[in-house]
Amino acid sequence: MKFVNKILLLNILILLLFSGCNDEDFLQEEPKDLFVLDNAFEKSSQVEAQLTMCYYGAYGEYAIGNDVYRTKTIGSDVLDEPYWRNSGAGGFSNFNTWLTTSTEIETLWNFYYQLISYANLTLYGTEVETITWSDEDYKNKIIAEAKFFRGLAYLRLAEAFGGVPIVLEFTQELRFDYTRSSREETYQQAIEDLLVAYQGLPDYPEENGRVARGAAANYLAEAYLAIGVETNDDSNYSSAIQYAQETIALHPLMTERFGIRSISSDLSSNRGVATYLPEGNVFGDLFYMTNYDYSAGNTEAVWTLKTPTYEELNTYGVANDMFGYDSPQYTEQAGYAPVPRDINWADGYSEEGSAAGPWKNISAPYATAMFPAYLGGFGLGATTQTEYAAYTVWTDTSDIRYEEDVTVRTLFECTDANHSMFGKKVPLEMINPDPSQFTKYAPLFSKLVPFDEWPYESTDNFHLRSLVDAYGIRSSESYLLLAEAYLRDGQAGLAADAVNVIRNRAKCETFYTASDIDINSILDERIRELMGEEGRWFTLLRMEPEVWKQRLYDHAMYIEQYPIYTREIPWNLFPIPQSYIDLNTGAELTQNEGWD
């Protein structure tokens, strides 16, 4: 795939994160009349700059709200586009609407091949003999990082599409003769790259935002699980166990409160809200800004995706609205926040002199902004949880990951001072049940949508967006990969133990035993722990079709809640984008089964 440098500005911004890029000659480039491979790299700093594109590209996989994140997540048993946005017809789990020409599928394919292109061009740069590296070990780390991203891309492509063309060299010539490798071969390529990364990366991130050995180990565990399922070769599960344990050893879970909002002696405030949050808990602490990084004492942070702050943007003369709320760092809050301002009272509950709905009039003390943080700010309701993920899966009332008004808000106080319910939580039976309105209402999970004033910056006048980092990996995911590997290896007791470590940190009162742990238990726990972080389709598609299809039949929004799709799902993998099949005139690029 042809390399296109689309994001020059953010390339520069992210370079700020890499203090290792200290080649002073980088600022003294002599422009070329024409850049081709032969003269693209003259200095090591130029290779480092190319690696930066891998980091920026990877952000798109994890940034909630953009096209890549949506495609890898919604339509699953966890998230979808809400009913009202599609008039009941176009939700992603209405699989009648899925086509080989769907732009979402092509976007996902393009994204990972672009990431491969960035990695291949970086690797090409490390092979240019005329470049002098001040530190050979640092050059080898650049190679390890590039192979980390290429391995991640092939892992994702294999999970979503099966066997794909394996491209290991950057080319500036158009090709029309790609052929597909097998799914096993694609997984094996991911493993080979990730092993190089694992061996060449440092134990811990040397700078915030960069990957280290634990990240490679986590994805190796996932890749060995995937190839084990694909080949029915159980010997892969011992490797998955080994690498999951490697990540866990490097990155133990946070089990006690920590970070900026946990210090009782901190008398500071932001936007008039005290920094210290006495009612907080350790799970909530994981998602406050400044708490994300390993360098901040967060041992659980395996890999953090860094977002430029307003100050960094303005340093480079970039207006805050240049990127708009469609850019990854802005969409997290607005996309997940519901739209309560559009909701009306159910019949019999409106009162004379009050607004038509509980949240159509914002009275003090809620009126700190036009759209108060208490309601999630200016929610767009672009993505919402399925009924299963929002309510049903939360079976243990002690679970701090679902602690009302701390890590989740399921009911909201009426903000209209002219109504007798003012300041009281509005029960669901008082809300208009019409799906075109009711599905604009959804729980707020604090790790996705802040619901007090403290996290917002002063420019967020409408609480439309909040600049936050994102997790690429937390070691809690490694525990869940470990549990799955033990389960598939026939060690159910150890699988239960691994899940129970997560549940113990969440202060749950119920735990799994060897007799009741199964793959659905682990998938449920992934919802509780990783909703909004996990690429759910990747998790599902790397498993047996009979497992993930039943999850969708039971829990997908447009099958279970609004039964629009009533047929069996005829495919086991995402389709190869038809545009690439049509362009590949020099060889046959076959389509996946079920997409005739």
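Glutamate 145 is buried in this predicted model, because its relative accessibility of 1% falls under the 20% cut-off. It has a partner: lysine 141 forms a salt bridge with glutamate 145, with 3.7 Å between the closest N and O atoms. Lysine 141 is buried as well, at a relative accessible area of 8%. Both residues sit in helix H6, which covers residues 136–161, and they're four residues apart, or about one turn of the helix.

Now move along to arginine 213, which forms a salt bridge with aspartate 203; here the closest N and O atoms are 2.2 Å apart. Arginine 213 belongs to helix H8 (residues 213–231), while aspartate 203 is in the loop between helix H7 (183–200) and H8, so this pair ties together parts that are ten residues apart in sequence. Arginine 213 counts as buried at 18% relative accessibility, whereas aspartate 203 is partly exposed at 35%.

Further on, aspartate 405 and lysine 425 meet through their side chains in a salt bridge, at 2.8 Å from N to O. This pair links distant parts of the chain, 20 residues apart: aspartate 405 is in the loop between helix H13 (387–392) and strand E6 (408–409), and lysine 425 is in the loop between E6 and helix H14 (435–438). Aspartate 405 is partly exposed, with 29% relative accessibility, and lysine 425 is also partly exposed at 29%.

Zooming out, the whole structure has 41 salt bridges. Some charged residues are linked in a network of salt bridges, among them Glu300, Asp396, Arg401, Arg474, Arg503 and Glu533.

Methods. Residues are numbered from 1 along each chain as its sequence is written. This is a predicted model: local features need pLDDT of at least 70, side-chain atom pairs count only at pLDDT 80 or more; totals for chains, interfaces and linings use all residues. Side-chain values use heavy atoms; hydrogens and water are left out. A salt bridge is a side-chain nitrogen of Lys or Arg within 4 Å of a carboxyl oxygen of Asp or Glu. Helices (H or I, at least four residues) and strands (E, at least two) are DSSP runs, numbered from the N terminus. Buried means under 20% relative accessible area, exposed over 50%, partly exposed in between (1.4 Å probe, protein chains only).
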